[in-house]
Amino acid sequence: MDSVMLARSLFGSSMAFHIIFATLGVGLPFMIVMAEIVYQIKKDRDYAIMAKRWTKCQAILLGVGIPSGTMVGVMLSLLWPGFMEIVGQVIALPFQIEIWAFLLEALFMSIYVYAADRLPPALRIASVTFVALGASASAVLITDAHAWMNTPQGFRLENGKVVDIDPWAAVFNPSLPTTATHVLVSAYVLGAFAVVSVAAAKLLGRKRPERERQYHRKGLVLSLAIGGVMSLLTALNGHETAQMLHHYQPEKLAAAEGLFETQAFAPLAIGGFTDKESRTIRGAIEIPWALSFLAGNRFDTVVKGLNDFPVEEWPPLFVHTLFNLMVGIGSLLILVSIGSLVFRFVKKKEFPRWLLGGLICTGPLALIGIETGWIFSCTGRQPWTIYHIQSTASAATQSENLGILFVLFIGLFVFMLVVTALVLRYHFRRHPVTPEMLEAG
Ligand code: HEM
């Protein structure tokens with residue numbers, strides 16, 4: 001493996017770990033706000049208990065998210081010195097503002113954790129809303145740098161030197177609104193379905209007292225409703241995101257859909273594999289005209305195919321599978337949440353055991369959606385780090401000695417993931433929900 005490939009593999013696998021803590025750390029505070037609001041509307045203490053227990057989880061995630069984020073920051077400078085040289089001059093603003101977002105989150109988190117029971121309802125909701133706002137703002141600010149890498153502006157490179165810098169133009173790059181919205185709503189999807197998985201697993205346990213089952217049923221219904229709405233919003237916004245690709249990164253959209261020939265009335269290819277040799281897609285189910293509609297809201301929209309681009313500038317063609325996985329998972333999550341809620345409320349039936357078994361899988365599926373989304377977006381931009389400005393090869397370190405870093409960093413991330421899972425398990429086993437419910441009356 002050459003040093004560029006090694007740098008990409010190391011950074012990619014580290015991000016795959018970091019994204020778990022980071023995305024849950026955005027999705028969970030949103031769920032806490034929702035539980036608090038329902039508590040204040042219904043005056044049902046079970047929702048306050050949910051909010052409190054999820055806050056403990058969030059505190060643990062925040063504790064791991066900080067070192068994990070720091071490690072990624074260190075890695076950026078070690079592995080991508082060429083990239084950081086441009087980033088430091090052009091798009092440092094969001095990283096600087098992010099410190100304030102973090103401060104907001106941490107400050108209100110302490111207020112909520114230590115004083116929630118002494119606060120009047122409006123202040124209680126306000127404090128937890130600021131926690132969620134801080135977490136979401138952090139995500140938007142960091143995503144801004146990613147959006148700028150896809151649609152860079154606010155500078156020029158002249159003989160390798162960065163000139164004509166306009167930091168605000170860089171911050172407000174064209175893909176910021178759609179990309180930041182996609183990242184936020186998909187994080188809320190993960191937060192909601194993580195709760196769905198846990199509540200479904202608890203309801204599957206046969207020996208649980210009915211009072212505790214009631215509590216978990218409420219958690220399951222709340223998270224299914226929020227997960228359903230957020231999955232729908234993710235899909236609607238995903239449509240806009242695809243239109244942005246059509247406009248700004250057409251070769252990424254062509255690779256996502258395995259489209260070689262430029263054409264109007266282009267079909268959407270579901271499944272199958274893209275074959276570079278024959279320049280065709282094999283084994284896919286094609287929906288006629290659908291890609292043109294996705295790209296431009298009109299069936300006669302002309303969608304550019306890969307043949308219009310030099311082969312050296314094609315993204316890796318396996319991104320088609322990643323795109324299919326993400327969209328497939330999004331569609332499945334919408335159907336599962338609507339189906340489960342119809343079962344419960346229209347048919348007035350308990351969640352059957354087979355359905356609970358299936359619902360346990362939704363959290364991991366949402367996580368796969370997040371991971372495939374990120375890998376699709378970043379791998380689909382290859383061979384560029386900054387689209388059409390800086391190639392990945394020129395952004396990477398020249399160092400040949402990355403092997404030891406690889407072992408060290410991946411080892412650390414695995415360690416952190418295992419410790420987080422063990423700490424969460426230990427904490428919730430030592431503090432079961434029933435005594436809290438009895439205490440609340
Ligand atoms: C259901 C239909 C969906 C569509 C049409 C869609 C579309 C897209 C597109 C076109 C991109 C690439 C953006 C770029 O490279 O600039 C993307 C990225 C991404 N997607 Fe999706 N997506 C969908 C569902 C989901 C779901 C369900 C999740 C996770 C739960 C998800 C998570 C992500 C993430 C984390 C990214 C990377 C961030 C970004 O660049 O926007 N997506 N999506």
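This is a predicted model: local features need pLDDT of at least 70, side-chain atom pairs count only at pLDDT 80 or more; totals for chains, interfaces and linings use all residues.
Visitor: Which residues of the largest nonpolar core touch the most other members?
Guide: Residues are numbered from 1 along each chain as its sequence is written. A nonpolar core is a set of buried Ala, Val, Leu, Ile, Met, Phe, Trp, Tyr and Cys residues joined through C-beta atoms within 7 Å; buried means 20 or more other C-beta atoms within 10 Å of the residue's own, exposed 12 or fewer, and partly exposed in between, with C-beta atoms placed from the backbone. The largest core has 115 residues, and those touching the most other members are Met31, Ala35, Ala51, Val189, Leu190, Ala192 and Val196.

Visitor: Which element gives the most residues to this core?
Guide: Helices are DSSP runs (H or I, at least four residues; strands are E, at least two), numbered from the N terminus. With 18 residues, the greatest contribution to this core comes from H7.

Visitor: Why is H7 described as largely enclosed by the rest of the structure?
Guide: Helix H7 covers residues 176-204. It is largely enclosed because the buried residues among its 29 number 24.

Visitor: How far apart are the end C-alpha atoms of H7?
Guide: The expected span of a helix is 1.5 Å times one less than its number of residues. For the 29 residues of H7 this gives 42 Å, which agrees with the end-to-end separation in the model, 42 Å.

Visitor: Is Met34 buried or exposed?
Guide: Met34 is found in helix H1, residues 3-42. Because 24 other C-beta atoms lie within 10 Å, Met34 is buried.

Visitor: Which residues does Met34 contact, leaving aside neighbours within four places in sequence?
Guide: Two residues are in contact if their C-beta atoms, placed from the backbone, lie within 7 Å. Met34 and Ile226 are 192 residues apart along the chain, yet their C-alpha atoms are separated by 8.6 Å. The contacts of Met34 are Leu222 and Ile226.

Visitor: Which residues does Met149 touch, not counting those up to four places away in sequence?
Guide: Met149 lies in helix H5, residues 121-150. It counts as buried, with 24 C-beta neighbours inside 10 Å. The residues that Met149 touches are Arg381, Thr385, Ile386 and Tyr387.
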